[in-house]
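Here is a short briefing on one protein model.

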Amino acid sequence: MTKYEMNTAMSPVPVPALDATPPDVFRGVYGMPMFATLPTSDLAASVDFWTRGLGFIDLFSIPGRLTHLRRWAFQDALLVPGEQHATAPTSGLSFACVLTQIDEVRAACEDLLPGCTSGPRTMPWNSVELQIITPERTRVTMTAARPLEPGSLEEQNLLDMGIEVPRG
């Protein structure tokens with residue numbers, strides 16, 4: 001069995017709880033360890049959807065060439081002009097959120113683009129997930145960890161894998 005060390009100080013994601021508070025949008029500059037570059041045929045429409053629907057901010061833009069979107073720290077996406085997929089690809093992006101954000105993101109996205117969401121669904125890995133297809137046909141999953149019930153099967157599964165169970 002492998003032992004995994006919890007390093008919650010490094011992550012902006014709060015400990016799972018029914019009343020978990022999401023962190024503020026991070027407006028600082030840092031070397032990005034990972035980001036997605038997403039082509040769109042309508043940059044303005046995509047920026048509007050990602051900001052008003054998914055809760056990102058326009059960190060900065062180069063008009064007509066690029067928009068750098070940011071949500072929490074380490075949740076970065078670059079929108080660039082280009083040809084978009086005719087259908088949503090099978091791969092996609094997942095972004096952490098808290099349970100209280102799932103319904104608000106779903107409602108905001110549905111107001112902007114009716115029929116773009118599916119779920120939310122409770123997943124076997126102890127999260128609730130909402131899938132969204134954005135205007136540029138990106139498959140985005142908003143995923144919120146559920147609190148673990150002490151003594152539950154989910155808690156035991158994590159412990160059996162050598163994963164320390166975080167406590168709030």
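This predicted model holds zero disulfides. The cysteine sulfur closest to that of C109 belongs to C116, 5.0 Å away, which is too far for a bond. A disulfide would need the two sulfur atoms within 2.5 Å.

**Cysteines**
- C116 is in no disulfide, and its nearest cysteine sulfur is that of C109.
- C109 counts as buried because its relative accessibility is 0%, under the 20% limit.
- C116 also counts as buried, at 6% relative accessibility.

**Helix α2**
- Helix α2 spans residues 99–112.
- Its buried residues are L99, Q101, I102, V105, C109 and E110.
- Viewed down the axis of α2, these buried residues fall within an arc of 155 degrees, so they line one face of the helix.
- An α-helix has 3.6 residues a turn, so residues three or four places apart point the same way.
- D103 and D111 sit on the other side of α2 and are exposed.
- The cover over the buried residues of α2 includes α1, β5, β6, β7 and β8.

**Nonpolar core**
- The largest nonpolar core has 25 residues.
- W50, L54, I132 and M142 have the most contacts inside this core.
- At least two core residues come from each of β1, α1, β4, β5, α2, β7 and β8.

**T117**
- T117 lies in strand β6, residues 117–123.
- T117 counts as buried because its relative accessibility is 15%, under the 20% limit.
- The side chains of T117 and E110 are joined by a polar contact of 2.5 Å.
- E110 is one of the buried residues of α2.
- Beyond four places in sequence, T117 touches R106, C109, E110, L130, Q131 and I132.

**T21**
- T21 is located in the segment before β1, a strand that covers residues 36–40.
- T21 is exposed because its relative accessible area is 59%, over the 50% limit.
- P14 and V98 are what T21 touches, not counting residues up to four places away in sequence.
- S11 is 10 residues from T21 in sequence, and their C-alpha atoms are 14 Å apart.

Notes:
Residues numbered from 1 in each chain as written. Predicted model: local features only at pLDDT ≥ 70, side-chain atom pairs only at ≥ 80, totals over all residues. Heavy atoms only, no water. Helix = DSSP H or I, 4+ residues; strand = E, 2+ residues; numbered from the N terminus. Buried < 20%, exposed > 50% of the residue type's maximum accessible area, 1.4 Å probe, protein only. Contact = heavy atoms within 4.5 Å. Core = buried A, V, L, I, M, F, W, Y, C linked by side-chain atoms within 4.5 Å. Polar contact = N/O pair within 3.5 Å; in protein donor to acceptor, adjacent residues only side chain to side chain. Arc of directions from axis to C-beta.
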